[in-house]
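Okay, hi everyone, thanks for having me. Please get the picture up on your screens, and I'll talk you through a few spots.

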Amino acid sequence: MNTVKDALKAGKVVVGTGAGPDVSTATLLAGGGFDFLLFDTQHSTAMPKELGPAIAGMKGKKASPVVRVGDNRPDLIVNAMDAGARGIIVPMVNTGEEAERVVHDVKYYPDGGRSNAGQAGDWGKEFANYRDYMDTANNEMLIVVMLETNVSLANIDEICSVPGIDVLLIGPSDFSIELDVPLDYSSKKYQDALEKVVAGAQRHGVAPGMYFIPPGLDANHYVDLGFKFFTVPWAPMATAGMENALAAIKR
Ligand code: 3PY
Ligand code: MG
């Protein structure tokens, strides 16, 4: 039902890429083999409300739509879910109480307090009744909270022990800034902190994630460290594919 969540539960690695409101690009990328498309509405001009058409264009494709909201706010989270998101990423989650708020806002009563706008998103099945739909949404929505600060690292156990959290996702740039090694992703201080994050998430059965693999660094290094959820940029892959295809034509 939620292939990303199922894969993570089975201990597998899932890989996504960034997408935006442009329908044709999202449709193309959704069939490109990625496990999920990450629609960022924190550091982009897009708003969750705009994503409905791009997410609808992904119907029947492999990739699952995951939206990063701009802040830990119920209105933004509900806008993203009404647009059809199957996963929600919330930045800068620093405490267990903040993580509980995320879970509360994602899930319908009695598991939480999500406000209803009618059935949202493509779940790939017919529902026998509305409770069946709400239970499915409650169980299947992927919930991702971001660790980007020293406070969040200090509170890692209380954050990861909140029931319903699927992924603890590092924001590489913000976290490196807080560690006082800005964008120095190879520094020992940063690498040591990554190990603490992986161990902390794993203690509670939460999947450790990395928002993006820092440029020039090997994704498999992060897989070997234990990261299960990350994005890679699609543009270099597309360029390489076009170059290969054109090189094969005699001209
Ligand atoms: C970070 O690097 O801090 C992120 O949140 C990714 O955009
Ligand atoms: Mg960040």
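Predicted model: local features only at pLDDT ≥ 70, side-chain atom pairs only at ≥ 80, totals over all residues.

Residues are numbered from 1 along each chain as its sequence is written, and chains are lettered from A and ligands numbered from 1 in the order in which they are written.

So, where does Ala85 sit? Look in the loop between α4 (74-82) and β4 (87-90). Is Ala85 buried or exposed? Ala85 is buried, because 27 other C-beta atoms lie within 10 Å; the cut-off for buried is 20 or more other C-beta atoms within 10 Å of a residue's own, with exposed at 12 or fewer, partly exposed in between, and the C-beta atoms placed from the backbone. Leaving out residues up to four places away in sequence, Ala85 touches Ile55, Pro65, Val66, Val67, Ala80 and Gly121, where contact means C-beta atoms, placed from the backbone, within 7 Å. Take Gly121: 36 residues from Ala85 in sequence, but 6.5 Å away in space, C-alpha to C-alpha.

Now α4 itself. Its buried residues are Leu76, Ile77, Val78, Asn79, Ala80 and Met81, and they pack against β3 (64-68), β4 and α5 (96-106). Just past the helix, Gly84 has a positive phi of about 110°.

Next, strand β6 (residues 167-170). Val167 and Leu169 point one way, Leu168 and Ile170 the other, and all are buried. On one side, β6 runs parallel to β5 (residues 142-147), joined by four bridges; strands count as paired if DSSP finds at least two bridges between them. There, Met146 stands opposite Leu169. β6 also pairs in the parallel sense with β7 (residues 207-212), again over four bridges, and Ile170 stands opposite Met210.

Last stop, ligand 1. Which residues are around it? They're His43, Pro91, Glu148, Gly171, Pro172, Ser173, Asp174 and Tyr211, counting a residue as near if its C-beta atom, placed from the backbone, lies within 6 Å. Helix α9 (residues 172-178) gives the most to that shell, with three residues.

That's the tour, thanks!

Conventions. Helix = DSSP H or I, 4+ residues; strand = E, 2+ residues; numbered from the N terminus. Contact = placed C-beta atoms within 7 Å.
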